[in-house]
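Here is a briefing on one protein model. Read it alongside the sequence and the coordinates.

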Amino acid sequence: MLGRVNHVALAVPDLSDAMARYRSMLGATVSAPQALPEHGVTVAFVELANTKVELLEALGDASPIRAFLEKNPSGGMHHICYEVADIIAARDALKANGARVLGSGEPKTGAHGNPVLFLHPKDFAGTLIELEEVRGS
Ligand code: CO
């Protein structure tokens, strides 16, 4: 079912500070920040040769990462995103095996314009999983 790791996401308390650190101290290429109101986050991507690191800052009072940042004030790893070729087929197979899909269970459009879903961390080694449909993955 799983293709490549699309990105690892880090929740950060201050996006511009995190972007500056990745740029100036780690020498990384970092994309421009992008507000995703539907997801309650502003994101920027650290572009790497083999994958990306997604830096997430809370956007709005109902941001899904606010509670995480309260528990982890200096930030931390929030989720890992795997590519799948067919997100509906993946969702249906996971649900048939008892995995919990978060939210309505219907894919939303993610930061790359592709459909995404999230899986309950308690079902997968304590880690929130994002699935992103990437054709050909
Ligand atoms: Co993500």
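A salt bridge here is a side-chain nitrogen of Lys or Arg within 4 Å of a carboxyl oxygen of Asp or Glu. By that rule, R91, D92 and E106 are linked in a network of salt bridges. The model is predicted, so local features need pLDDT of at least 70 and side-chain atom pairs count only at pLDDT 80 or more, while totals for chains, interfaces and linings use all residues. Residues are numbered from 1 along each chain as its sequence is written, and side-chain values use heavy atoms, with hydrogens and water left out.

**Cobalt site**

- Four residues supply the protein donors of the cobalt ion: H7 (NE2), E54 (OE), H79 (NE2) and E130 (OE).
- Donors are N, O and S atoms within 2.8 Å of the metal (3.2 Å for Na, K and Ca); water is not among the atoms, so sites may look incomplete.
- Along the chain, the donor spacing reads H-x46-E-x24-H-x50-E.
- H79 sits in strand β6 (residues 76-84) and E130 in strand β9 (residues 128-133), a pair 51 residues apart that links distant parts of the chain.
- Helices (H or I, at least four residues) and strands (E, at least two) are DSSP runs, numbered from the N terminus.
- The site is irregular, with angles of 86 to 174 degrees among the four donor atoms.
- Four donors count as tetrahedral if all angles lie between 85 and 135 degrees; four count as square planar and six as octahedral if opposite donors are over 155 degrees apart and all others between 65 and 115; anything else is irregular.
- H79 is buried, at 3% relative accessibility.
- E130 is buried too, with a relative accessible area of 5%.
- Buried means under 20% relative accessible area, exposed over 50%, and partly exposed in between (1.4 Å probe, protein chains only).

**Nonpolar cores**

- A nonpolar core is a set of buried Ala, Val, Leu, Ile, Met, Phe, Trp, Tyr and Cys residues joined through side-chain atoms within 4.5 Å.
- The largest one has 12 residues, including I80, Y82, L94, L119, I129 and L131.
- Elements β6, α3 (87-96), β8 (115-119) and β9 each give two or more residues to this core.
- A second, separate core has 11 residues, among them A9, L36, V41 and F45.
- Beyond its neighbours within four places in sequence, L119 is in contact (heavy atoms within 4.5 Å) with L94, R100, V101, L102, F124, L128, I129 and L131.

**Salt bridges**

- The whole structure holds six salt bridges.
- E83 pairs with R4, with the closest N and O atoms 3.0 Å apart.
- This pair links distant parts of the chain: E83 is in strand β6 and R4 in the segment before β1 (5-11), 79 residues apart.
- E83 is buried at 6% relative accessible area, whereas R4 is partly exposed at 39%.
- D17 and R21 meet in another salt bridge, at 3.0 Å from N to O.
- D17 and R21 are four residues apart in helix α1 (residues 15-24), so about one helical turn separates them.
- D17 is partly exposed at 37%, and R21 is partly exposed at 45%.
- R91 bridges to E106, with closest N and O atoms 3.2 Å apart.
- R91 lies in helix α3 and E106 in the loop between α3 and β7 (108-109), so this pair ties together parts 15 residues apart in sequence.
- R91 is buried at 10% relative accessible area, whereas E106 is partly exposed at 47%.
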